[in-house]
Amino acid sequence: MKTRIKELRKEQKLSQEELAYAVGTTRQTITSIEVGKYTASLQLAYRIAKYFGLTIEDVFDFSDEEVFEND
Amino acid sequence: MTEYRKVLKNRLILLAICTLVSVAIVIIGTLLAGQAETDDGTFADGFIKGFPIGLFSGAFAVMIFFIARCVRALKSENFLKKMYIAENDERKKMIRQSAMGKSFFFTVGFLVVAVTVASFFNNTAITMTLMAVLSAHVLSGVILKLYYFLKY
């Protein structure tokens with residue numbers, strides 16, 4: 001899944017470690033989400049979007065997503 | 001974090017009990033292995049006696065490491081949060097679930113007990129089979145975990 005996390009992080013000069021700590025996850029998970037290897041759960045997606053003051057749709061691109069990705 | 005602190009305190013007690021049990025098994029196992037030693041004993045006999053001792057010595061070292069981590073987390077708020085995040089990270093949980101499932105540690109526990117009991121009764125064939133099953137089970141879990149870590 002495509003996301004704007006990296007772009008938003010760069011805008012706010014935030015490291016992956018700092019973002020991970022703020023949203024209660026690990027740096028490796030943020031990396032995986034950024035490169036599209038892992039799809040965040042609804043709760044994590046909400047926490048990330050809330051951290052940036054945006055909605056989930058603003059941060060995550062659902063346009064060309066299949067329904068079940070983490071099989 | 002208050003709930004997690006309670007979890008860590010309970011875990012600390014459980015780890016302390018398991019550490020004492022491991023030490024007791026290593027001491028008893030060493031004494032029994034020494035007594036059972038004969039001049040015509042084969043390599044396999046020594047191996048099946050030594051395997052559980054080695055296993056519990058390793059478990060002792062791992063438990064000391066986890067005790068130190070728990071103590072550090074209870075003393076430092078920052079480390080406590082980091083440990084909580086690392087343990088409850090959804091990606092790690094998913095990998096653990098995919099690679100090992102919930103029954104993995106129960107199966108390992110049962111196999112360790114079975115190996116220890118079988119080695120006590122000096123049944124080489126059964127002990128060797130159980131050791132092979134235990135090793136293959138743990139190895140497959142580790143390989144799958146590595147695979148999923150690379151995949152996600």
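Predicted model: local features only at pLDDT ≥ 70, side-chain atom pairs only at ≥ 80, totals over all residues.
1. Let me start with helix α5 of chain B, where B:V115, B:A118 and B:S119 are buried.

2. The face of α5(B) turned away from the buried side carries the exposed residues B:F105, B:F106, B:G109 and B:V113. On the buried side, the packing partners are α2 and α6 (124-151) of chain B. In length, α5(B) covers residues 104-120, which is 17 residues. From its first C-alpha to its last it reaches 24 Å, close to the 24 Å expected at 1.5 Å a residue.

3. Just after α5(B) comes a backbone detail: B:N122 takes a positive phi of about 60°. Most residues other than glycine have a negative phi. A:K13 sits in the loop between α1 (5-11) and α2 of chain A.

4. Next, the domains of chain B. The assignment gives domain 1 as 1-88 and domain 2 as 89-152. Taken over C-alpha atoms, the centres of domain 1 and domain 2 of chain B are 16 Å apart. Ten residues of domain 1 of chain B are in contact with nine residues of domain 2 of chain B. On the domain 1 side, α2 (43-75) and α3 (77-88) of chain B each supply at least two residues. The largest share of that side, seven residues, comes from α2(B). By type, the side of domain 1 that touches domain 2 divides into seven nonpolar, one polar and two charged residues.

5. Ten residues of chain A are in contact with eight residues of chain B. On the chain A side, the residues divide into two nonpolar, seven polar and one charged.

6. Now the nonpolar cores. The largest has 14 residues, and A:A45 and A:I48 are those with the most contacts inside it. In chain A, α2 (16-23), α3 (27-34) and α4 (42-52) each supply at least two residues of this core. Which helix gives the most to this core? That is α4(A), with four residues. Leaving out residues up to four places away in sequence, A:I48 touches A:I5, A:V23, A:A40 and A:V59. A second, separate core has eight residues, including B:F51, B:F56, B:A118 and B:L130. B:A118 is also one of the buried residues of α5(B) from the opening point.

7. Finally, a residue from the other end of chain B. B:N10 lies in helix α1 (residues 2-36) of chain B. B:N10 is exposed, with 11 other C-beta atoms within 10 Å. B:N10 and B:T116 are 106 residues apart in sequence, and from C-alpha to C-alpha they are 27 Å apart in space.

Technical notes:
Residues numbered from 1 in each chain as written. Chains lettered and ligands numbered in written order. Domains from an automatic or database assignment. Contact = placed C-beta atoms within 7 Å. Nonpolar A, V, L, I, M, F, W, Y, C, P; charged D, E, K, R; others polar. Core = buried A, V, L, I, M, F, W, Y, C linked by C-beta atoms within 7 Å. Buried ≥ 20, exposed ≤ 12 C-beta atoms within 10 Å, placed from the backbone. Expected span 1.5 Å × (residues − 1).
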